[in-house]
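Hi there,

Here is the structure I promised to pass on. Please have a look at it first, and then read my notes below.

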Amino acid sequence: MMVSQTKIVQYFYIVCFIYLLMFTPPSSMVRTRKCWKRKYTVEVAMEGTFSMACRRNVTLHKCEGFCRSEAGPVVVDDQVRWEMKCNCCQPKNYKWKTVRFPACGASRRIRDISNCKCMPC
């Protein structure tokens, strides 16, 4: 008895559907917070100096969070292959921040994150 390729593809979809039902977490377990900007403190030094007076703590931002990524079967011309779509929480825009070092009488510009977004990795 010969099974047609169409039947094989149909069985494959049924198996994938059952797999998703069994292993997909309920919505209560899925993290609802996506990609966001978070403050953190870092020590910044004036370029070209090792003096402790020319250092200070500065509040900058980093991107953090969870983005949707998926892998699943795709059928093209009766051929089944896996397609992956990966997204990462990344900086979308930046702004310049001026850091002043009063003890040194100097300042420097640092690039800081202004927005974060889920984008392809």
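**Disulfides and their surroundings**

Cysteine 54 and cysteine 104 are joined by a disulfide, with an S to S distance of 1.6 Å; a disulfide here is a pair of cysteine sulfur atoms within 2.5 Å. Its two ends sit in distant parts of the chain, 50 residues apart: cysteine 54 is in the loop between β1 and β2, and cysteine 104 is in the loop between β5 and β6 (106–120). The torsion about this S-S bond is about -120 degrees, so the disulfide is left-handed. Cysteine 54 counts as buried at 9% relative accessibility, while cysteine 104 is partly exposed at 27%. Buried means under 20% relative accessible area, exposed over 50%, and partly exposed in between, with a 1.4 Å probe and protein chains only.

Before going on, please keep in mind that this is a predicted model: local features need pLDDT of at least 70, side-chain atom pairs count only at pLDDT 80 or more, and totals for chains, interfaces and linings use all residues. Residues are numbered from 1 along each chain as its sequence is written, and side-chain values use heavy atoms, leaving out hydrogens and water.

The whole structure holds 5 disulfides. Another of them joins cysteine 63 to cysteine 116, S to S 2.0 Å. Cysteine 63 lies in strand β2 and cysteine 116 in strand β6, so this pair ties together parts that are 53 residues apart in sequence. Cysteine 63 is buried, with a relative accessible area of 18%, and cysteine 116 is buried at 16%.

Cysteine 67 and cysteine 118 also form a disulfide, with their sulfur atoms 2.2 Å apart. Here the loop between β2 and β3 is tied to strand β6, because cysteine 67 lies in that loop and cysteine 118 in that strand. The torsion is about -80 degrees, so the disulfide of cysteine 67 and cysteine 118 is left-handed. With the bonded cysteines numbered in sequence order, the pairing runs 1-6, 2-7, 3-8, 4-9, 5-10.

Cysteine 86 lies in the loop between β4 (79–85) and β5 (87–101) and is partly exposed, at 43%. Leaving aside residues up to four places away in sequence, cysteine 86 touches Ser69, Met119, Pro120 and Cys121, where contact means heavy atoms within 4.5 Å.

**Rings and charges**

Two residues place a charge over a ring, meaning NZ of Lys or CZ of Arg within 6 Å of the ring centre and within 35 degrees of the ring normal. Lysine 62 lies over the face of tyrosine 40, at 5.5 Å from the ring centre. Arginine 111 lies over the face of tyrosine 94, at 3.8 Å from the ring centre.

**The chain as a whole**

The protein chain has 1 helix and 6 strands, in the order α-β-β-β-β-β-β. Helices (H or I, at least four residues) and strands (E, at least two) are DSSP runs, numbered from the N terminus. Of the 121 residues in the protein chain, 17% are buried.

Best wishes
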